[in-house]
Protein chains: 2
Amino acid sequence: MISVRQYNEAVARAAAMLQNAGVVIAPEERARLEVADFGLGELEKTGLEIITYVNTQRCCAKEIIMFPHQTCPEHWHPTISGVPGKEETFRCRWGTVYLYIPGETTANAACRPPHGSEAYYRVAHEVVLKPGDQYTLAPDTPHWFQAGSEGAVVSEFSTRSTDDQDVFRDPRIARAPEVAAEAAGASD
Amino acid sequence: MISVRQYNEAVARAAAMLQNAGVVIAPEERARLEVADFGLGELEKTGLEIITYVNTQRCCAKEIIMFPHQTCPEHWHPTISGVPGKEETFRCRWGTVYLYIPGETTANAACRPPHGSEAYYRVAHEVVLKPGDQYTLAPDTPHWFQAGSEGAVVSEFSTRSTDDQDVFRDPRIARAPEVAAEAAGASD
């Protein structure tokens, strides 16, 4: 859970990064910007800031904003009862993002899993995405990603997003973001 | 059909507009940028410049670049044999785009259909998209759109693109772009 103050600070920081990257968002999009700490309480290390532009039954588009060295933990989008899991393309718009997927372990990889969570990171084949680079992930593919030292802005183009079906390697993780009630936030 | 010279000029102009809008593309994307004049031979009035980032069986993302007052002619994405037609979201990134859809005719609309093609434009309800604005079109919805005086850069998020299935109101239109062979282009 994050406090209201943490939420507001993360939103202001993400909005400033988008502006710096030349990405324009509407006021109502800023007002519903998602700040996900995955329930681990270490937003700077493990977390994402997300604006979902559209998410219909058939397709979805988001902008993901990552603070420097922020990590999205290892997870996959499962095929359930024959319904194919989410397919997604990450396109780097600004900064650098390091994507880790199944395959040969990359020697001298740029990133390490967040300290204390190493047990929940297994895939170690590195794909480096800089502005104009993209990578498409098939359903059921374990992956995690971490921003470089400047942070990153990444567009995600995908089939329907069903975050509650995502499977995380780390059993401590809760995908749905929780923001403390105002009173709790005030005591932060 | 457009000449090689027209093609190269349109690509250079579209690439410059993307750069101005802060959108980074890869060299291989620039090399396969699509310049569509819809077979009408009036690219400045009726045409689109398109980079398809990804187009799988399930979803698609493109960047559309429009020169000032350039028009994408009226068309729709049909449902065929029970398979739903393409659903698409247009998100303006830079400039202004005027989208026309079914509904009450907008008084004092900003755009007119290209001169000489008025008979092939019927829907006249105007939606104005400026940076950060977007609109989602259901399958089978007739629509056309025109850029404002600066031109526009528009992201398209959609289900699979099957351009050959698009239905255009204007029977003269050929959707697949044709670029003249080099020799023909040299004579332009």
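1. Let's start with the nonpolar core. In this predicted model, the largest nonpolar core has 42 residues. A nonpolar core here is a set of buried Ala, Val, Leu, Ile, Met, Phe, Trp, Tyr and Cys residues joined through side-chain atoms within 4.5 Å. Buried means under 20% relative accessible area, exposed means over 50%, and partly exposed lies in between, using a 1.4 Å probe and protein chains only. The residues with the most contacts inside this core are A:Val35, B:Val35 and B:Tyr53. The elements that give two or more residues to the core are helix H1 (4-20), strand S2 (48-55), strand S3 (60-66) and strand S8 of chain A, along with H1, S2, S3 (60-66) and S8 (143-158) of chain B. Helices (H or I, at least four residues) and strands (E, at least two) are DSSP runs, numbered from the N terminus.

2. A word on the conventions. Residues are numbered from 1 along each chain as its sequence is written, and chains are lettered from A and ligands numbered from 1 in the order in which they are written. Local features need pLDDT of at least 70 and side-chain atom pairs count only at pLDDT 80 or more, while totals for chains, interfaces and linings use all residues; side-chain values use heavy atoms, with hydrogens and water left out.

3. Now look around A:Val35. Leaving aside residues up to four places away in sequence, A:Val35 touches A:Ile2, A:Tyr7, A:Ala10, A:Val11, A:Leu43, A:Leu48, A:Glu49 and A:Pro177; contact means heavy atoms within 4.5 Å. There is also a second, separate core of 22 residues, which includes B:Ala36, B:Phe38, B:Leu137 and B:Phe145.

4. Next, the charged pairs. Over all chains, the structure holds 20 salt bridges, each being a side-chain nitrogen of Lys or Arg within 4 Å of a carboxyl oxygen of Asp or Glu. In one of them, A:Lys86 pairs with A:Glu156, with the closest N and O atoms 2.6 Å apart. This pair links distant parts of the chain, 70 residues apart: A:Lys86 sits in the loop between strands S4 (71-76) and S5 (88-101), and A:Glu156 in strand S8 (residues 143-158) of chain A. Are these two partners buried or exposed? A:Lys86 is buried, at 7% relative accessible area, and A:Glu156 is buried too, at 5%.

5. B:Arg13 and B:Glu44 meet in a salt bridge at 2.9 Å, N to O. B:Arg13 lies in helix H1 (residues 4-20) and B:Glu44 in the loop between strands S1 (34-36) and S2 (48-55) of chain B, so the pair ties together parts that are 31 residues apart in sequence. B:Arg13 is partly exposed at 32% relative accessibility, and B:Glu44 is partly exposed at 46%.

6. Finally, where the chains meet. Here 30 residues of chain A are in contact with 30 residues of chain B. The two chains bury about 2200 Å² between them, 49% of it on carbon and sulfur atoms; buried area is the accessible area (1.4 Å probe) that two parts lose on being put together, summed over both. A:Arg58, A:Arg93 and A:Phe157 supply 27% of the area that chain A buries against chain B, more than any other three residues. Four salt bridges run between the chains. One to look for is B:Arg91 with A:Glu29, whose closest N and O atoms are 2.7 Å apart.
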